[in-house]
Amino acid sequence: MATFLYRLGRWAFLRRRLVTLLWVAVLAVGGVLAAKAPAAPDDGFSMPGTEAQQAFDLMNERFPGGHADGASARLVFVAPSGQKITAGPNQQAVERTVAELAHAEQVTGAVGPFQAGAVSKDGTTAYATVSYAAKPGELSKGATAALEAAAQHGRDAGLKVEVGGNALTAKPGAGGSSEAIGMALSAVVLVITFGSLLAAGLPLLTAVVGVGLGMAAITALGSTLGLSATTGTLAMMLGLAVGIDYAVFIVSRHRAELAEGRTPEEAAGRAVGTAGSAVVFAGLTVVIALAGLSVVGIPVLAKMGLAAAGTVVVAVLVALTLVPALLGFIGRRVLPRKARTGGVRPAADNGGSRWARFVLRRPVAVLLGGVIGLGVLAAPALDLRLGLPGDEAKPTSTTQRRAYDLLSEGFGPGFNGPLTVLVDAKGSADPKAAAGEVARTVGALPGVVAVAPPMFNKAGDTALLTAVPATGPSAAETKNLVHAIRGHAAGLKTATGATVLVSGATAMNIDVSQKLTDALVPYLGVVVGLAVLLLLVVFRSVLVPLKAALGFLLSVAAALGAVVAVFQWGWLADLIGVEQTGPVMSMMPIFMVGVVFGLAMDYEVFLVTRIREGFVHGERPGEAIVTGFRHNARVVTAAAFIMIAVFAGFIGMSEPMIKMMGLGLAAAVAFDAFVVRMTIVPAVLALLGRRAWWLPRWLDRLIPDVDVEGSELHSAAAEPAPVRETVGV
């Protein structure tokens, strides 16, 4: 592989104009196709195989036109201090507000509190329910404007009015200030690392090209493959991350080859042949982690993972071809000015080599310190509780959070998470009697505050009941109540012939959390197992891949511990603006595994392949560790700082789930890059010595030799003679 990539790098360097024009043409065609492509459909958030989804699908079938998946809003009205909401003027203001919304755009129904009996016992609070034909995040500007205007009219009448529900949910969009801040911080880190504006700008430029092409492809194929607008969010984030990383490593190796006296053309070829081999296999590990999201069983996650994997493949191709082509234009200007004018100097000791020698002198102490430190940080993860935070986790500055609090005060926390009980009475002799029996059974369960009367469909064979829990949507008691209702389903079917299913947003969140929890171990097995096999081929070692996987699991556990400590326990919560503690987002563990595993294996491949390269070329194990750190530690550190800066930028966002993702990913990258890869890895390699590269002979004969360390390049004959255009223009 090294020889093929070496030739590819030289060819791209020599044919830089052609290669650059081809990439520009491909990007332009992708942009045109994306611009002309029809709008991608909303693929929704389905959860196949869960009871909540089964009930949801049955509701759409039995209650046609009911828009079970439509957005809804709850307008909460509170009377002025000392007054009742049922007082004449206050009641009239509420009714006018509801009547105004009943005729608003996309509204299918508006039920007032006095019609539905939705008035608190003390008579101070009431709520109205508004249903929409459009899904959450897809309401028109006119519909949301009408909702906000109606609420304001209620306030103008002297009432306190807040809007809950999902009607005001904004549709997630790709890009934004976080990406811009991340790019700016990346530029600063790269300038400090390379000491050259041209060298620093090249990785940013090529990363933007790769992400741009990947996003254009996702948009162009959106309607064909059913990719929603949110599918590209992960692709943009990871495409930018790995695009910068891959270009940085090839540029860094190119500069090192130039410093050893090679021509720019030869340096580009060797950089792609050596660092490019590491890029290929690092990219494969990321693709494995992202494509592995398909095993979770959630269509949206599967599409996001596959789309992001495609963007990573584009980033690899850009690094192998466009980067050496642009290096051809830059020539020796990729080096700092002092290096260009001061002549070639051999690689000297730096912070990386000095750190490696420190670890080599105290490998046991360093290893124990790193493992124990991460173990302590991971301890809170033992108390991990998963859920999907709702309005209760939003800042108090939002109307959704204020509506949640008002409902909790007036009606109890359970009103914010009612359960929808579907009674399929097709197999019952008396559907009304069956629904009544279900209502009595559910109402008698501990933790149920109220059960609304059954609402039948036109055929009269299916009924919907609304059960209000005594506890909030994310409370453990509510989860137990859902399981209790489902536990009575078998007995009710025997007694009445009706099938009982529990759905609604609260039950769906519970099922999502359970399914993601159940999928975590199989997902880890698939991703880590395939990656270990791939690293076995890369490093031709049994112990190094196992060490890499165990170190990754340790860093992810420590990052989850940090998330639990902040968002669940409330440690340092005020410092980063967490206003309400609660369960950790259900997708967080799997999301962290998928994203961080890819980045962690990037650092592992880049760092350890250079160590193996020194060992294969005759250095003693300790010397090889020092060599690898001297050449690559600074670049790995820069790449990690860039990722930490990008992810940490999301901590400042107001959305709790985004804030949680930012903290978790930033912590995971920091722990993995600086504690695992830069500390535990050299300590383990130092203790293992030559045994680190042990491979049974029978296995050595079975696995292919991909020559990631570039042995064929080092054993080649004399360096090819310089040809035309070896310096940039």
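The entries below take the sheet, then the cavities.

Ground rules. I am working with a predicted model, where local features need pLDDT of at least 70, side-chain atom pairs count only at pLDDT 80 or more, and totals for chains, interfaces and linings use all residues. Residues are numbered from 1 along each chain as its sequence is written, and side-chain values use heavy atoms, without hydrogens and water.

The sheet. I found four strands in an open antiparallel sheet, ordered β2-β3-β1-β4. At its edges sit β2 (107-111) and β4 (160-165), each pairing on one side only. From one strand to the next the twist averages 20 degrees. I took strands (E, at least two residues) and helices (H or I, at least four) as DSSP runs, numbered from the N terminus; two strands pair if DSSP finds at least two bridges between them.

A closer look at one pair. Seven bridges join β1 (72-78) to β3 (125-132). Opposite Val78 I found Thr125 of β3.

The cavities. I used a 1 Å grid over the protein atoms alone: a cavity is a set of points where a 1.4 Å probe fits but cannot get out, and lining residues have an atom within 4 Å of a point. I counted four cavities of 30 Å³ or more. Volume here is the space filled by probe spheres set on the points, which are joined across faces, edges and corners.

The second largest cavity. Its volume is about 60 Å³. Which helix gives the largest share of the lining? I found that α12 does, with five residues. Among the lining residues are Thr206, Gly239 and Thr311.

How values were computed. Axes fitted to C-alpha atoms, helices over the stretch in contact; angles between N-to-C directions. 1 Å grid on protein atoms, 1.4 Å probe; cavity = no way out; pocket = protein on both sides within 12 Å on 5 of 7 lines; lining within 4 Å.
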